Amino acid sequence: MKSYMHKYIALFLALTAALCGASALAAPAPGALSLPVPALPAASDGALDPMDYYAAHQDEDPVFRDMDTPQAAPEKAYTAPVLLGTDHTYVRVLLSVTGNLRDVTLNGCYSLRDAAGVVRALPAYNSVYRFTASGATVSVSCDGAPVATGARFTLREHLPFHGTSGNSFSLYNTAYGARSYTGDLILYARNDALYCVNRVYIEDYLCGVIGNEIGDLSPEESLKAQAVAARSYAIKNLSPSAEYDLLDTSASQVYKGVCASDVHSAAAVAATAKQVLYKDGVIITGLYSSSNGGEKDTSRNRWGGNPAWSGESVAMDMPDLVYSINYASQQGSSYYEQVLLPSNGAKTAATDVLITRSLLPLLVSGGYCSPAATAADVTLSALIVGYVPQSKLDAVTYIESLVVRYQGYSSGRAFDLTDTIPYASLYVSQGWGLFSNGSLNQYWVGVNNGSYVLRHARRGHGIGLSQIGARQRALNGEGYASILSFYYDGAQPLRNAAIGEKTLRARGFDLPKGDVDENGLVNVADIVLLCRGLAGDHTLSAAQAANADVDDNGSVGIADAVRICRFIAGML
């Protein structure tokens, strides 16, 4: 044993010196023992064009934020999302980042790993890493110094540094500006474009969604209902074979990362932790929209084909209509418009529009008046308004066209004429001038005190939960389970066993790395065994050598012992 004493002393001095300086982390000491280490398999690098990603409710608008964001066109077809895998703990969100360069500020404890999972850097707190895409390659630098180049990199979140409040990273989001996020950040390149995917614990993800969808100041029970619906929607869109699961815009769900001020949303997520919508033992898709205009719809009506999920039906939703009308009158909201058409033919601005656009062409073609006639030259004695319902598989009350019967006089001659007006003609873009809001997309006809009420409502597709309807129901005293049962027939919120707990490992390396003696722990015993191997007093097995090679450079040396020491000391 004496013959090895000088080697142990030399190793101890080397370890002591290395722990006091950063140079020991860069390369193994001269004469280090070189042992074979099994190669890590290369990660799959399959591509998925973001334009190919299907979002089930891409015409959705956030209800109380981003009100100026235009609605996308409704989907012409619907395919039910396919649920793959059984672990629902994390979701991957493609962030709205354009261009080939992005700076990421790391406000916590992270490691930089390449496509094979090898640690390439251990960033300092508040360090800024620059990622640049060229073709299908990503280059990484920090403070102008090159760090690594490869096909893909991951900034992995680890247990926070002692004494800090937690981890977050921040970057510039093209859609939302400078934003902060928790979880991991995966970066890869396609055709000179940089892609940034946030892998985040699903409960943390929801905290960044709820306030941006229904609004953080919404009544508590409506926030809970939104949380359950959004959680169900996220899970039903998990797609492990793709590069990501969701977008961060209203094409999926609006997600803006960490927002410490959304305390009510966070409380609703916590109060409904891991709850999703179940019907007959199956998770259903939690489709939702800003409003349904007073009548919830089905995906079969909207997109054709068979219903994408159970829990759909057509039904009147008076709380949605009540809230739409009240909010429109009190706040100038754009969730509802209406015009009155008196049945006695009394002249109003709306009546004059119908006379000019619909009746006058009939009168001219019938010889009742000259082409120069105006609405002032026509006297109405009665106006009868009906409608042709849209032909749908499920019963609905919104209209395909108006059927208007005009009775009155023009140039002394009595007339009784009927016209059919396609509902699309009523849109503001057609110049009729009856309605000003191009984002609302359904019409209804009602009767009120001798006048016909032509309603223009519904912001979004109207399937599943109505966000403003949920708000009104909560104000009426309904609990979130009752709200959900109305919007998703026969479904109920239950805990999902496939959602696990958020887990973070200490930075530096993950087991079995560092566990040289293979007992499931990383401690001083591993340092002793490694030092014996380096001193020639013990022959490490292939598995022990693989575990000891914590810097993944293919050999075991003093640098690995230093990393394990620093890990045990809490320095990694």
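Reply: Gladly, and please keep in mind that this is a predicted model. One place to begin is tyrosine 188, which stands opposite tyrosine 195 in β12.

Me: How many bridges join β11 to β12, and which way do the strands run?
Reply: Strand β11 is joined to strand β12, residues 193–201, by 7 bridges, and the two run antiparallel.

Me: What does asparagine 191 do in the hairpin of β11 and β12?
Reply: The hairpin has 2 residues between the strands, and asparagine 191 takes a positive phi near 50° there.

Me: And strand β8, how is it joined to β11?
Reply: Strand β8, which covers residues 152–157, runs antiparallel to β11 and is joined to it by 4 bridges; within this pairing, leucine 155 has leucine 185 of β11 as its bridge partner.

Me: Is β11 mostly covered or open?
Reply: Mostly covered, since 7 of the 7 residues in β11, which spans 184–190, are buried.

Me: Which residues of β11 point which way?
Reply: Asp184, Ile186, Tyr188 and Arg190 point one way, while Leu185, Leu187 and Ala189 point the other way, and all of them are buried. In a regular strand, side chains alternate between the two faces of the sheet.

Me: Changing topic, which residues form the nonpolar patch on the surface?
Reply: That patch is formed by Met316, Met318 and Val322, which together have about 260 Å² of accessible area. Methionine 316 lies in strand β18, residues 315–316.

Methods. Residues are numbered from 1 along each chain as its sequence is written. This is a predicted model: local features need pLDDT of at least 70, side-chain atom pairs count only at pLDDT 80 or more; totals for chains, interfaces and linings use all residues. Side-chain values use heavy atoms; hydrogens and water are left out. Buried means under 20% relative accessible area, exposed over 50%, partly exposed in between (1.4 Å probe, protein chains only). Two strands pair if DSSP finds at least two bridges between them. Patches are made of residues with over 30% relative accessible area and no salt bridge: like charges are joined within 9 Å, nonpolar side chains (Val, Leu, Ile, Met, Phe, Trp, Tyr) within 5 Å. Accessible areas come from the Shrake-Rupley method with a 1.4 Å probe; for residues, only the protein chains shown count as cover. A salt bridge is a side-chain nitrogen of Lys or Arg within 4 Å of a carboxyl oxygen of Asp or Glu.
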